[in-house]
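Biologist: Could you walk me through this model, starting with the strands and then moving on to the helices and the charged side chains?

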Amino acid sequence: MWIAWIELDLLLGDVHSLKEKRSVVRPIIAEVRKRFEVSVAEVGDMDLHRRARIGAVVVSADRAHALEVVDAVERLVAGRPEVELLSARRRDLHSED
């Protein structure tokens, strides 16, 4: 079993409150979850209104598939006009490691 995850550090556009932040971050999380059927959540910078960290994880029998999904998640989020992708950290791990 392969586990791959990615943590995306985002700079949000014209956001001035935590309420506005939620209105940007929630649809991104929902789209990633629906499109790729992965576990995804906001995992950091909860108290900063212009920054967000989103984590997504996929479990697969095939390493190549897991990495493909993680790459697709990064491309999707990076393509969103309301956010700027500052960095992406990824890792993959086999269950026997």
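**Strands, helices and salt bridges**

Modeller: Ten bridges join strand E1 (residues 2-12) to strand E3 (residues 51-60), and the two run antiparallel; strands count as paired if DSSP finds at least two bridges between them, and the elements are DSSP runs numbered from the N terminus, helices being H or I of at least four residues and strands E of at least two. This is a predicted model, in which local features need pLDDT of at least 70 and side-chain atom pairs count only at pLDDT 80 or more, while totals for chains, interfaces and linings use all residues. Residues are numbered from 1 along each chain as its sequence is written, and side-chain values use heavy atoms, with hydrogens and water left out.

Biologist: Which residue is the bridge partner of Glu7 in E3?

Modeller: Glu7 is partnered by Gly55 of E3.

Biologist: And how many bridges join E2 to E3?

Modeller: Strand E2 (residues 39-44) is joined to E3 by five bridges, again in an antiparallel arrangement, and within this pairing Val40 stands opposite Ala56 of E3.

Biologist: What about the hairpin of E2 and E3, how many residues are between the strands?

Modeller: There are six residues between the two strands of that hairpin, and among them Asp45 takes a positive phi near 55°, although Asp45 is a residue other than glycine.

Biologist: Which other non-glycine has a positive phi, say of about 50°?

Modeller: Glu37 has a positive phi of about 50° without being a glycine, and Glu37 sits in the loop between helix H1 (18-36) and E2. Its relative accessibility is 74%, so Glu37 counts as exposed, where exposed means over 50% relative accessible area, buried under 20% and partly exposed in between, using a 1.4 Å probe and protein chains only.

Biologist: Changing topic, how many salt bridges does a search of the whole structure find?

Modeller: The search finds eleven, a salt bridge being a side-chain nitrogen of Lys or Arg within 4 Å of a carboxyl oxygen of Asp or Glu. One of them links Arg35 with Glu31, whose closest N and O atoms are 3.2 Å apart, and both residues lie in H1, four residues apart, which is about one turn of the helix.

Biologist: Is Arg35 buried or exposed?

Modeller: Arg35 is exposed at 51% relative accessible area, whereas Glu31, at 24%, counts as partly exposed.

Biologist: What does Glu31 do with Arg80?

Modeller: Glu31 also forms a salt bridge with Arg80, the closest N and O atoms being 2.3 Å apart. Glu31 lies in H1 and Arg80 in the loop between helix H2 (63-78) and strand E4 (83-94), so this pair ties together parts that are 49 residues apart in sequence.

Biologist: And where does Arg80 stand, buried or exposed?

Modeller: Arg80 counts as buried, at 18% relative accessibility. The side chain of Arg80 meets that of Glu82 in a salt bridge too, at 2.7 Å from N to O, and Glu82 counts as partly exposed at 25% relative accessibility. Elsewhere, salt bridges that share partners join Glu7, Asp45, Arg53 and Arg89 into one network.

Biologist: On to H2, which residues are buried there?

Modeller: The buried residues of H2 are Ala66, Val69, Val70, Ala72, Val73, Leu76 and Val77. Seen down the axis of H2, these buried residues fall within an arc of 160°, so they line one face of the helix; the arc is that of the directions from the helix axis to the C-beta atoms.

Biologist: What do the buried residues of H2 pack against?

Modeller: They pack against E1, H1, E3 and E4, contact meaning heavy atoms within 4.5 Å. The face of H2 turned away from its buried side carries the exposed residues Glu68 and Arg75.

Biologist: Last one, what is the order of elements from the N terminus on?

Modeller: The elements run β-α-β-β-α-β, as the chain has two helices and four strands. Along its principal axes the C-alpha trace spans about 45 × 25 × 20 Å, and 36% of the 97 residues count as buried. Among contacts between residues at least 6 apart in sequence, 73% join residues at least 24 apart.
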